[in-house]
Amino acid sequence: MNSGDRTVRLGAFGIGLLLLALPVQAATVLSVGDGDTITIASGAQKIRVRLACIDAPETSQTPYGMESRQVLQGLLPIGSEVTLRTKAVDRYGRSVAEVLKGGSNINQTLVRSGDAFVYWQYISGCDRQTYSLLENDARLKGAGVWSVPGGIQRPWDYRRGRRGGSSSSSTGGGASTTGTSSSKYRCGEIGSWSKAQNLLKQGHTYLDRDGDGEACESLK
C-alpha cells in the first residue's frame with residue numbers, strides 16, 4: 001500500500017475499513033444476505049460484499065426489513081453478472097463497494113426506489129450530489145421506506161438500539177430464558193438459514209456476530 005492509504009473507523013457497522021484503490025472487478029452473484037449485503041464469486045474467490053454508501057433496513061427490522069432484501073434479490077438474481085467498484089475491505093474480509101449491473105449502479109437504484117437510505121456518515125468515495133438528489137426524489141415521491149406512515153427507524157439507529165438492549169433480552173416477552181446459556185443456539189445446530197433468521201427476530205442477537213442484521217451466514 002502507498003502512503004495515502006489509511007484506516008478509518010466505521011462505528012455503526014462495528015468494523016474498521018482499510019481504504020483501497022482497486023480496479024472494477026467482474027463477479028457473479030451467489031446470494032443476497034439482506035438489503036445491502038451480497039455474496040459474489042470472482043474467479044476462484046467467494047467474497048462477501050457490503051454495498052457502499054447506503055444502508056438498507058435490517059432483515060429483522062419491521063416494517064420493511066424483508067421487503068428490502070426481496071427488492072435486492074429481484075435486482076440481483078443468483079447468477080447475475082456484476083462488476084464491483086470497491087471502496088474498501090473491512091476487518092471481516094467483506095468488500096465495501098458500489099455494485100454495477102449492465103448500465104445500472106445498484107446502490108443508487110436502491111436509493112432511487114426508496115429501498116435504502118443514503119448512509120450520510122459514510123458517503124465518502126461515492127458521488128454525494130447524485131445520492132442526495134436520488135434520496136430527495138424518493139422522499140418526495142413517497143417511495144419505498146418513505147411510504148411508511150410515520151416513517152421507519154433508520155437502520156443505524158435500529159442496530160444501535162438492538163446492541164444496547166441485548167444484555168436485557170432475557171427479561172420481557174414470552175421467551176423469558178432468551179440469552180441464558182441453556183437457551184443459546186449454535187449456527188451448526190440450527191439446521192437452516194431461515195430458522196436462524198427467525199431466532200434472530202426472537203431476540204437471539206448473538207447469532208448475528210458481525211451486526212449486519214443477518215444470522216448464521218454460514219448456513220446459506
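How many disulfides does the count come to? A few notes for someone opening this structure for the first time.

1. The count comes to 2 disulfides, where a disulfide is a pair of cysteine sulfur atoms within 2.5 Å. As background, such a link is a covalent bond between the sulfur atoms of two cysteines.

2. Before going on, keep in mind that this is a predicted model, in which local features need pLDDT of at least 70, side-chain atom pairs count only at pLDDT 80 or more, and totals for chains, interfaces and linings use all residues. Residues are numbered from 1 along each chain as its sequence is written, and side-chain values use heavy atoms, with hydrogens and water left out.

3. Take Cys53 and Cys126: their sulfur atoms sit 2.3 Å apart, and the link is right-handed, with 90° about the S-S bond. Cys53 is in the loop between strand E5 (45-51) and strand E6 (54-55), while Cys126 is in the loop between strand E10 (117-118) and helix H3 (128-141), so this pair ties together parts 73 residues apart in sequence. Helices (H or I, at least four residues) and strands (E, at least two) are DSSP runs, numbered from the N terminus.

4. Next come Cys187 and Cys216, with sulfur atoms 2.1 Å apart. Their link is left-handed, at -80° about the S-S bond. The pair joins distant parts of the chain, 29 residues apart: Cys187 in helix H5 (residues 187-190) and Cys216 in the segment after helix H6 (193-201).

5. Buried or exposed? Cys53 and Cys126 are both buried (under 20% relative accessible area; exposed is over 50%, partly exposed in between, with a 1.4 Å probe and protein chains only). Cys187 and Cys216 are buried too.

6. Number the bonded cysteines in sequence order and the pairing reads 1-2, 3-4.
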